[in-house]
Amino acid sequence: MTSTQQHHEIPVRLDFDSHAPGFSRAMSHLDKAATKELDRVDFDPLLRELVRIRASQLNGCAYCIDMHTKDARASGESEQRLYALPAWRETPFFSEQERAALAFTESVTMLAEDHVPAHAYEAVAEHFTPDEVAALIGLIVTINAWNTIAVSTRGWVPGSYEA
């Protein structure tokens, strides 16, 4: 870091794991269950990370963006696609299947806005089997839950995760 770069301290509001240990364990179990479903249907590992990153971007979860971009890079995702993810609709870097999954992720994450309209579901169902759609929903629900905990408590310091 150069002398012109500065860090802004983001104080932790609540150590959620210490104050809600049972719920924290339940979240870990939920995460493992979602991963097992993704594994069961052989859901693309790179797309998993793109979904996690995109939901986290929408939710403003610095910790999860940091963690999952590192995980995506470690799994072989390109810098170009990671940088383009916020503007995925405007780039040629994503397949039709990935576009359907990203649109569905956005719709489920922002469900208060449009209640996941039929066209979003139909588009994802066109590219994925019912089991894959169910696994994708599990992934989206799980990352949104993690984002909610992390953003509301600021319980984890961004950058402290290593891939």
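Q: Is Glu106 buried or exposed?
A: Buried means under 20% relative accessible area, exposed over 50%, and partly exposed in between, with a 1.4 Å probe and protein chains only. Glu106 has a relative accessible area of 11%, so Glu106 is buried. The model is predicted: local features need pLDDT of at least 70, side-chain atom pairs count only at pLDDT 80 or more, and totals for chains, interfaces and linings use all residues. Residues are numbered from 1 along each chain as its sequence is written, and side-chain values use heavy atoms, with hydrogens and water left out.

Q: Which residue meets Glu106 in a salt bridge?
A: Side chains of opposite charge can pair when their charged atoms come close. A salt bridge is a side-chain nitrogen of Lys or Arg within 4 Å of a carboxyl oxygen of Asp or Glu. The partner of Glu106 is Arg89, at 2.7 Å from N to O. Arg89 lies in the loop between helix 5 and helix 6, and Glu106 in helix 6, so the pair ties together parts that are 17 residues apart in sequence. Helices here are DSSP runs of H or I with at least four residues, numbered from the N terminus. Arg89 is partly exposed, with a relative accessible area of 49%.

Q: How many salt bridges does the structure hold?
A: The structure holds 10. One of these joins the side chains of Arg48 and Asp39 at 2.8 Å, N to O. Arg48 counts as buried at 10% relative accessibility, and Asp39 as partly exposed at 46%. In the pair of Glu79 and Arg73, the closest N and O atoms are 2.5 Å apart. Glu79 is partly exposed at 32%, as is Arg73 at 34%. Glu37, Arg40 and Asp131 are linked in a network of salt bridges.

Q: With which side chain does the side chain of Arg52 make a polar contact?
A: A polar contact is a pair of N or O atoms within 3.5 Å; within protein, one must be able to donate a hydrogen and the other to accept it, and residues adjacent in sequence count only if both atoms are side-chain atoms. For Arg52 the partner is the side chain of Glu49, at 2.7 Å. Arg52 is in helix 3 and counts as buried at 11% relative accessibility. Contact means heavy atoms within 4.5 Å. Beyond its neighbours within four places in sequence, Arg52 is in contact with Thr35, Leu38, His68, Leu139 and Ile143.

Q: Which residues of the largest nonpolar core touch the most other members?
A: A nonpolar core is a set of buried Ala, Val, Leu, Ile, Met, Phe, Trp, Tyr and Cys residues joined through side-chain atoms within 4.5 Å. In the largest core, of 24 residues, they are Phe43, Leu47, Leu50, Phe94, Phe128 and Leu136. Helix 3, helix 5, helix 6 (96-109) and helix 9 (130-153) each supply at least two residues of this core. The largest share, 5 residues, comes from helix 9. A second, separate core of 11 residues includes Ala55, Cys61, Ile143 and Trp146.

Q: Where is Asp42 found?
A: Asp42 is in the loop between helix 2 (21-40) and helix 3 (45-59). Its phi is positive, about 55°, although Asp42 is not a glycine. Asp42 is exposed, with a relative accessible area of 67%. His115, in the loop between helix 7 (111-114) and helix 8 (118-127), also has a positive phi, near 55°. His115 counts as exposed at 62% relative accessibility.
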